[in-house]
Amino acid sequence: MSTSKSEPRSCFICGTSGRTSGFVEKWPIAGLGEVQVGFRICSQCGLVLQDPAPAPAVLNAHYVRVSTMTVSGSSGDLPAWWRAQVDRQLEFWRVHQPRRTGKDRPLAVQIGSSIGYTLSRFREEGYDVLGIEPSADAARFASDHYGVATLVSGVENAAMDPGVRAELVVATHVLEHLRDPVAALARCRDWMADDGHLLLEVPVLEAPEHWPNGYFTFEHLQYFSRRTLSQTLHLAGFRVATEEVLHEGHNTDSPVIIVLASLAGSTSDAAISHSACAEEVARASALMEAYLAREPTSWAKLAERVMSVLDSSKRLAFFGAGIHTSQFLAKAPAVSARVEAIYDSDPGKWGEEIGPLKVSPPAELPRDSEWLVVISSRGHQDQIYEDIRWIEADHGVRVIKLYD
Ligand SMILES: [Zn+2]
């Protein structure tokens with residue numbers, strides 16, 4: 001990997017590169033080595049964006065190879081929160097869906113379609129479905145488990161049949177991962193029917209009391225507020241028809257905004273007043289400062305918990321080689337110094353390095369009561385525990401979930 005794993009980045013809403021507050025840190029990330037990760041608030045419009053951000057080739061390799069969002073665990077079952085999240089999105093869609101066009105089975109295209117579960121649910125609602133997703137592994141899972149067809153590609157260079165007209169484009173938890181959301185959304189316009197709709201969900205930058213530690217994370221290249229999301233949609237030629245903000249009880253790990261948008265007549269610059277921008281900058285800065293002030297304490301609490309259990313064991317391993325583990329190791333040097341092994345159930349991560357350690361498969365888990373294994377995944381920790389509890393039952397290894 002070249003030295004320029006991350007690059008400076010200008011704001012995709014206003015084009016400015018001016019920085020107001022924020023942070024830059026170095027995290028050890030599986031498959032990438034040590035990476036500079038930073039966030040700033042755009043001094044002009046108040047968008048919170050990752051800058052420096054991973055270079056396009058780095059980001060692409062990360063999604064194709066390492067972070068493929070396949071389902072962890074041997075059963076292939078989705079965690080309950082994942083199903084509940086899609087239930088909720090479908091319910092929003094049912095309540096607000098515009099009148100269908102005359103077609104028997106209109107087409108729904110999902111960008112960042114992952115393992116195809118969401119599209120399988122829209123098929124039950126009467127749609128023909130097509131996914132667009134950069135990971136061939138996720139696309140294979142979509143085909144094998146749900147019979148969902150996927151174009152293996154990024155959004156912007158997707159080789160879509162020119163005759164395709166989608167009545168619905170679904171973009172749930174994908175826009176925050178893209179380097180240029182305006183360009184990606186504008187590309188979606190090319191395949192949409194004139195009276196088509198966009199169903200969008202992203203994390204929303206409010207209610208910080210419901211943010212987890214490590215909220216600003218490597219895979220999220222921007223954090224939208226209601227205002228910056230509306231500007232982004234506007235720039236790409238959409239207008240918001242309905243939106244709903246959920247602070248909790250929504251089966252994601254932080255507040256979200258769900259939006260139904262339709263095509264605007266034409267694209268145009270977002271006409272936002274100078275005072276509205278100044279207000280947005282001030283609001284985002286206050287949220288960022290409060291977050292940065294409380295972060296050290298939240299990581300220290302987790303570190304203390306691990307170290308106190310480690311007292312009665314001698315050797316420490318982590319299960320889960322995702323970004324969250326990388327953040328924790330960067331933030332908790334005392335824990336980091338004691339880790340001797342990292343395991344993950346995703347073959348895409350096996351052999352990759354996090355700091356000095358190579359990620360190993362579950363088959364190589366320790367079988368000795370000297371060891372403590374810490375499960376450091378928020379979304380999948382219960383499933384992982386079920387899968388690896390045999391080392392506890394059969395071999396006396398101590399296993400704890402980081403977020404118990
Ligand atoms: Zn800006």
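Helix 6 (residues 226-235) is largely enclosed by the rest of the structure, because nine of its 10 residues are buried, where buried means that 20 or more other C-beta atoms, placed from the backbone, lie within 10 Å of the residue's own. This is a predicted model, in which local features need pLDDT of at least 70 and side-chain atom pairs count only at pLDDT 80 or more, whereas totals for chains, interfaces and linings use all residues. Residues are numbered from 1 along each chain as its sequence is written, and helices (H or I, at least four residues) and strands (E, at least two) are DSSP runs numbered from the N terminus.

Among the buried residues of helix 6 are Arg227, Gln231 and His234, and the cover over the buried residues includes helix 5 (181-191) and helix 7 (274-310). Just after helix 6, Gly237 takes a positive phi of about 95 degrees.

An open sheet of seven strands, with mixed pairing, has the order 8-7-6-9-10-13-12, a pair being two strands with at least two DSSP bridges between them. Its edge strands, strand 8 (150-152) and strand 12, each pair on one side only.

| Helix | Lies across | Angle |
|---|---|---|
| Helix 4 (residues 136-146) | strand 7 and strand 8 | about 165 degrees to strand 8 |
| Helix 6 | strand 10, strand 12 and strand 13 | about 155 degrees to strand 12 |

Strand 6 (residues 107-111) and strand 7 (residues 128-133) run parallel and are joined by five bridges, with Gln110 partnered by Gly131 in strand 7.

Technical notes: Buried ≥ 20, exposed ≤ 12 C-beta atoms within 10 Å, placed from the backbone. Contact = placed C-beta atoms within 7 Å. Axes fitted to C-alpha atoms, helices over the stretch in contact; angles between N-to-C directions.
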